[in-house]
Number of protein chains: 2
Amino acid sequence: MHIHIENDETATEALRLNSAYLRQALDAHRQLCGQFTLTENSDPTQTAAFLANCDILWAGRKLALDQFATPRLGWVQVMSAGVEQWLAHWRKGIALTNASGVHGEKGAEFILMAALMFNFAIPGFLQDQAQRLWRPTFGGCARGKTVVMLGVGGIGRAAAKLLTAQGYSVIGVTRSGQCDAEVARCIAIDELDSVLPQVDVLVSTLPLTPQTHRLFDRRRLALLPKRAGVVIVGRADVFDYQALREQLRAGDLAGAVLDVYPQEPLPVDDPLWHTPGVIMTPHCSLDDHSAYLDRCLELFIDNLVRYRSGQALRNQVDMQRGY
Amino acid sequence: MHIHIENDETATEALRLNSAYLRQALDAHRQLCGQFTLTENSDPTQTAAFLANCDILWAGRKLALDQFATPRLGWVQVMSAGVEQWLAHWRKGIALTNASGVHGEKGAEFILMAALMFNFAIPGFLQDQAQRLWRPTFGGCARGKTVVMLGVGGIGRAAAKLLTAQGYSVIGVTRSGQCDAEVARCIAIDELDSVLPQVDVLVSTLPLTPQTHRLFDRRRLALLPKRAGVVIVGRADVFDYQALREQLRAGDLAGAVLDVYPQEPLPVDDPLWHTPGVIMTPHCSLDDHSAYLDRCLELFIDNLVRYRSGQALRNQVDMQRGY
């Protein structure tokens with residue numbers, strides 16, 4: 001079987017899989033040693049030739065798969081959790097596995113930090129500091145406050161566990177209303193409106209799908225209480241950012257910790273940069289480059305064993321659901 | 001026995017102990033019911049008369065005890081953790097108990113938040129945001145990073161437990177080099193210089209004593225690596241704030257999360273307000289007003305039982321150590 005590695009020539013070294021490194025990982029595995037031929041490419045003009053001859057693709061960059069001939073290709077492993085851009089150009093019958101879960105630990109730490117920042121009124125104190133205002137407020141502990149966690153996939157599940165351990169009451173929100181994460185309770189997306197008035201912290205880890213696109217429109221955002229903080233680390237287009245910005249400016253929310261944006265990099269003239277209560281990180285807070293490639297590779301190796309023996313793959317994307 | 005409650009008339013309602021409320025707590029306790037007479041005052045011109053006639057003082061504000069006649073007074077319970085201002089005017093033979101530990105839970109949450117903020121480079125991203133700069137950095141997890149915790153009293157101990165649970169490697173620093181907190185190891189203050197180059201996050205919960213005053217002078221601050229963040233929630237005068245500010249401005253530290261200042265409120269013209277990397281809260285991040293009085297009262301009730309039976313008091317200040 002032939003595995004092709006398609007790297008992104010513009011990506012940092014730490015995110016490019018080297019075929020010698022993969023070979024080493026394969027050779028170290030009793031069931032995989034000697035079973036694969038490998039190629040590696042990062043020149044987009046050569047991609048078509050490589051795709052025409054591989055059985056398995058490790059994709060370090062996004063490809064419009066329907067624009068290539070892929071007669072032998074049965075499975076693509078991508079390095080991102082979100083796959084909506086892949087699905088727009090998919091080819092039926094090919095399995096797709098994503099990197100969901102690889103971001104879990106760092107993402108969970110980021111979400112815990114953001115939740116605590118709202119408890120300690122950091123968005124408000126940053127504004128006071130800018131104006132040299134001394135205005136203490138003596139709020140309570142984070143323990144017992146309510147977090148609504150939108151999505152309990154890799155990141156959401158890890159964050160729910162950490163927040164629950166920290167004493168937060170976590171309400172998970174999933175498509176089905178079911179989940180096996182450590183939450184106080186789990187509800188379905190269509191029950192969402194009923195819990196929004198209780199929110200201290202709203203966290204979105206949702207993928208972008210037709211069902212989640214603009215899920216938080218102006219009306220739904222307005223159901224959040226003034227004390228609520230919003231943390232967005234999933235896909236940006238789940239939210240109406242203009243409505244969010246206007247609500248923050250009006251003081252109708254406590255703040256927002258944002259890692260993702262409708263357009264990235266965020267344009268220099270976007271008013272979000274200087275919206276009161278917004279704390280921005282530039283789409284980097286979940287990615288741990290030092291561990292990322294190795295964790296993706298671990299998943300890939302495990303999946304290679306499963307693929308060869310006909311078992312279900314881990315992290316296989318459901319084409320109907322879109323994640 | 002007579003208990004006098006001296007309240008601070010300028011304090012918020014939530015921090016003033018009402019004699020009826022104390023009476024209720026005493027009556028609910030088998031060993032304390034019917035044993036005490038109570039008075040309550042918040043008028044400074046009347047304080048002397050009340051102090052002349054009490055055996056036990058609940059002090060809701062600072063008093064220069066040596067300026068009063070206190071013939072019967074045997075014990076003072078204060079509502080703060082730091083007592084250096086009391087000790088400057090102490091009268092020998094009177095027991096002093098502080099409120100150390102009352103702040104533990106909220107303080108620990110604040111310290112965890114601050115440590116995570118350094119891990120996610122928030123001080124730097126806030127500066128980038130102000131300048132509309134998109135400059136992602138992809139650091140690792142907080143897990144495994146090193147926190148040096150100066151002082152493991154009520155707050156330090158609670159924070160060490162939380163940070164250790166979160167995967168941080170915590171080095172406790174105490175006068176003796178011994179502690180029973182959940183730390184990776186504990187060292188004495190005079191071994192401090194040897195661990196400073198390893199610091200990811202330096203947290204100070206230290207009280208102000210002759211030994212801790214300006215413990216972090218310019219020389220010692222300069223031993224911290226550039227990646228280090230500093231969190232100060234204990235007494236400000238343990239640090240040379242001018243040297244700290246200059247190091248931050250020079251980029252020799254990752255940032256500082258500060259809750260306390262050499263002068264409070266911080267003067268409007270203090271350059272610290274706009275020092276790069278500084279995140280300020282106005283001396284309020286440890287105090288949970290909603291729970292504060294009740295937790296102090298629990299401690300006081302427990303100590304009343306001990307006092308009557310001649311047992312050692314909890315939180316009794318060692319006059320030699322000064323905390």
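Analyst: Start with the packing of one helix. The buried residues of α9(B) pack against α8 (218-221), β10 (229-232), β11 (255-258) and β12 (278-280) of chain B. Keep in mind that this is a predicted model.

Which residues of α9(B) are buried? The helix spans residues 241-249 of chain B, and its buried residues are Y241(B), A243(B), L244(B), Q247(B) and L248(B). Look down the helix axis. The buried residues of α9(B) fall within an arc of 160°, so they line one face of the helix.

Now check the two ends. Just after the helix comes G251(B), which takes a positive phi of about 80°.

One of the strands that α9(B) packs against leads on to the other chain. That strand is β12 of chain B. Chain B and chain A bury about 4,700 Å² between them. Of that area, 67% is on carbon and sulfur atoms. The contact takes 52 residues from chain B and 51 residues from chain A. Across this interface there are 22 residue pairs in polar contact. There are also 2 salt bridges across it.

Which elements of chain B supply the touching side? α4, α5 (122-130), β12 and α10 (289-308) each supply at least two residues. α4(B) gives the most, with 9 residues. By type, the residues on this side of chain B divide into 28 nonpolar, 12 polar and 12 charged.

Side chains of opposite charge can pair when their charged atoms come close. One such pair is E105(B) with R143(A), whose closest N and O atoms are 2.3 Å apart. E105(B) lies in helix α4 (residues 104-119) of chain B, and R143(A) lies in the loop between α5 (122-130) and β6 (146-150) of chain A, so the pair joins two chains.

Chain A has a salt bridge between R295(A) and E105(A), with the closest N and O atoms 3.8 Å apart. R295(A) sits in helix α10 (residues 289-308) and E105(A) in helix α4 (residues 104-119), so the pair ties together parts that are 190 residues apart in sequence. R295(A) is partly exposed, at 29% relative accessible area. E105(A) is partly exposed too, at 26%.

Another pair in chain A is R321(A) and D318(A), whose side chains meet at 3.8 Å, N to O. R321(A) is partly exposed, at 30% relative accessibility. D318(A) also has 30% and is partly exposed. Elsewhere, salt bridges that share partners join E105(A), R295(A) and R143(B) into one network. Over all chains, the count comes to 34 salt bridges.

Methods
Residues numbered from 1 in each chain as written. Chains lettered and ligands numbered in written order. Predicted model: local features only at pLDDT ≥ 70, side-chain atom pairs only at ≥ 80, totals over all residues. Heavy atoms only, no water. Buried < 20%, exposed > 50% of the residue type's maximum accessible area, 1.4 Å probe, protein only. Helix = DSSP H or I, 4+ residues; strand = E, 2+ residues; numbered from the N terminus. Arc of directions from axis to C-beta. Contact = heavy atoms within 4.5 Å. Salt bridge = Lys/Arg side-chain N within 4 Å of Asp/Glu carboxyl O. Buried area = accessible area lost by both parts, 1.4 Å probe. Polar contact = N/O pair within 3.5 Å; in protein donor to acceptor, adjacent residues only side chain to side chain. Nonpolar A, V, L, I, M, F, W, Y, C, P; charged D, E, K, R; others polar.
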